[in-house]
Amino acid sequence: MRTKLLPLILPLVLAGCTVGPDYVKPSLPAASAWHEQAALDQRVAEAPAPALETWWNGFDDPELSTIVARVLDQNLDLAASAARVQQASAAAQYAHADRLPQGSLDANAARLRQSERSPLGKLASPQPGYERNQTYEDLGVGASWELDLAGGLRRGDEAANAAWQAAEATHAGVRITLVAEAADAYFRVRGAQARIAIANEQIRNEQGLVDLVHLRQQNGLGTERESAQAEALLLQAQGTVPPLQAELDTQLNRLDVLMGAAPGTYAKEIASSQKPFHIPTVDGAGGPASLLRRRPDVIAAERELASSNARIGVALAQYYPQVSLSGLLGFATLDSGKLLTGSAFQSQGALGLHWRLFDFGRVDADVKEARGANAEALAKYRGSMLKATEDVENAIVSLTQLEAQHGVLENEVAAHVRARDAAQDAYKGGAVSLLEVLDEDRQLLASRDLLARVRTDDARAAVGAFRALGGGWDVPADKVADVSR
């Protein structure tokens with residue numbers, strides 16, 4: 001009796017159950033303040049902290065804001081990423097539709113001439129009223145529904161939905177990366193422009209010194225050696241321009257491509273922009289814990305973990321029978337014009353059962369693979385948080401130390417200017433040799449060039465800090481993973 005009742009009781013026991021572990025978001029340890037918070041608090045910035053969503057406006061540079069707007073509107077990588085989100089959304093929609101009943105409407109009309117030599121023709125042709133030429137018509141509405149007793153379809157729906165959310169977070173990460181790359185390229189353009197200007201100014205100074213040495217030589221006060229030394233220093237200054245110009249042109253091309261345009265499209269406009277920029281304050285409020293909400297890569301990793309957790313349930317559901325219901329209502333006739341009649345009406349109902357009774361080895365492997373993928377996703381999630389924290393800490397170190405170096409270099413340049421001017425005056429009076437003047441010029445050029453580089457690197461470090469903090473997008477509470485989940 002028990003054996004006979006088991007097939008009837010089992011579906012009732014399974015009804016409403018969902019196999020597999022319910023997802024619980026792992027708790028990751030995260031401090032409320034950065035390790036380098038003290039250094040960040042002591043930083044004296046040139047502008048107040050901007051909103052993280054639009055941090056580029058904090059540099060008070062209209063050209064940078066224009067570039068970012070074009071990147072967000074025209075970049076092809078961003079468009080491709082948006083298309084991937086659409087694909088993930090479609091996959092989630094498909095997985096949800098699998099849980100719902102399916103219906104279809106089918107109609108068919110066929111005209112045929114039956115062979116009298118076929119087995120059916122040989123049997124039917126001797127019968128009275130046999131008609132060799134026949135018209136077959138049918139019309140029917142069918143429906144089917146998998147009952148999802150073990151919850152495999154529900155888990156597949158959960159997995160696809162989490163994967164969609166991960167794709168949305170990844171898209172936000174692409175946005176952040178592209179905006180930061182555009183700002184980085186822009187500040188490298190500005191840095192190259194500043195260094196070229198310094199080099200050109202130095203060339204003019206060196207040319208004046210060469211002219212002075214030649215004049216002294218004509219008057220019998222200078223030597224050929226001094227002329228050669230002055231000319232060599234002039235050539236050295238001139239030699240610094242070509243690589244700087246190459247850097248400028250390369251970064252302008254990079255910006256054009258980031259804006260979805262051919263190289264050279266916006267180069268003239270960007271190169272003509274000379275408005276000074278200001279490096280803003282970086283607000284580190286919230287510490288590492290804020291990265292769980294702001295960093296798209298961390299959010300995407302958490303959503304991938306949720307998806308892999310649901311995939312375990314999908315695999316486990318294969319241990320249980322799959323039960324489906326189907327039905328058909330329709331009409332079929334061989335008599336043309338009599339399709340929608342009572343005699344042509346037909347109906348069908350079916351209960352389907354599919355159970356992988358002798359395939360448990362493969363199901364075991366599927367479950368094992370799903371659990372392994374979940375363990376991998378958990379490790380990646382934890383690693384993404386550590387990497388995100390490292391990114392911010394490194395960005396803070398770079399930013400604060402570059403600003404400290406910038407202050408020292410400003411004083412160094414001022415000292416070299418005084419020393420160079422004093423050396424030139426002394427040389428004109430014959431108190432020192434030209435060698436001392438040339439040495440001061442070399443040191444001044446090197447320090448001014450380094451100051452310009454550090455200024456550029458300082459701005460780029462600020463960009464890196466905003467990027468590391470997950471700035472550049474507005475976190476949609478109703479779209480991407482709920483951090484309280």
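Modeller: Let me begin with strand 2 and strand 3, which pair in the antiparallel sense over 10 bridges. Within this pairing, Asp-138 stands opposite Ala-332 in strand 3. This is a predicted model, in which local features need a pLDDT of at least 70 and side-chain atom pairs count only at pLDDT 80 or more, whereas totals for chains, interfaces and linings use all residues. Residues are numbered from 1 along each chain as its sequence is written, and side-chain values use heavy atoms, with hydrogens and water left out.

Colleague: How confident is the predictor, and which average pLDDT does the protein have?

Modeller: On the pLDDT scale, the predictor's confidence in each residue from 0 to 100, the protein averages 87, and 94% of the residues score at least 70. Over residues 1-6 the pLDDT is below 50, and this stretch has zero contacts in the model beyond near neighbours in sequence, a contact meaning heavy atoms within 4.5 Å. Residues 479-485 also stay under 50, although the model gives them 16 contacts beyond four places in sequence. Where pLDDT is low, the predicted coordinates should not be read in detail.

Colleague: There are eight aromatic pairs. Is the pair of Phe-59 and Phe-187 stacked, tilted or edge-to-face?

Modeller: Rings of Phe, Tyr and Trp (its six-membered ring) pair if their centres lie within 6.5 Å, and planes under 30 degrees apart count as stacked, over 60 as edge-to-face and the rest as tilted. The rings of Phe-59 and Phe-187 are 4.9 Å apart, centre to centre, with 50° between their planes, and the pair is therefore tilted. Phe-59 lies in the loop between helix 2 (37-42) and helix 3 (62-74) and Phe-187 in helix 6 (residues 152-218), so the pair ties together parts that are 128 residues apart in sequence.

Colleague: Why do Phe-59 and Phe-187 fall into their accessibility class?

Modeller: Buried means under 20% relative accessible area, exposed over 50%, and partly exposed in between (1.4 Å probe, protein chains only). Phe-59 stands at 0% and Phe-187 at 1%, so both are buried. The rings of Phe-331 and Phe-345 have centres 5.6 Å apart and planes at 70°, so that pair is edge-to-face. Phe-331, at 22%, is partly exposed, as is Phe-345, at 44%.

Colleague: What makes a group of residues a nonpolar core, and which members of the largest one touch the most others?

Modeller: A nonpolar core is a set of buried Ala, Val, Leu, Ile, Met, Phe, Trp, Tyr and Cys residues joined through side-chain atoms within 4.5 Å. The largest has 63 residues, and those touching the most other members are Trp-55, Phe-59, Leu-64, Ile-67, Phe-187, Leu-255 and Ile-270. Several helices each supply at least two of its residues, including helix 3, helix 8 (241-258) and helix 12 (360-428), while the largest share, 12 residues, comes from helix 6. Apart from this core lies another, of 18 residues, among them Leu-234, Val-241, Ala-423 and Tyr-427.

Colleague: How do you know whether Gln-193 is buried or exposed?

Modeller: Gln-193, which lies in helix 6, has 12% relative accessibility and so counts as buried. Leaving aside neighbours within four places in sequence, Gln-193 is in contact with Leu-248, Ile-270, Ala-271, Ser-273 and Gln-274.

Notes
Helix = DSSP H or I, 4+ residues; strand = E, 2+ residues; numbered from the N terminus. Pairing = 2+ DSSP bridges.
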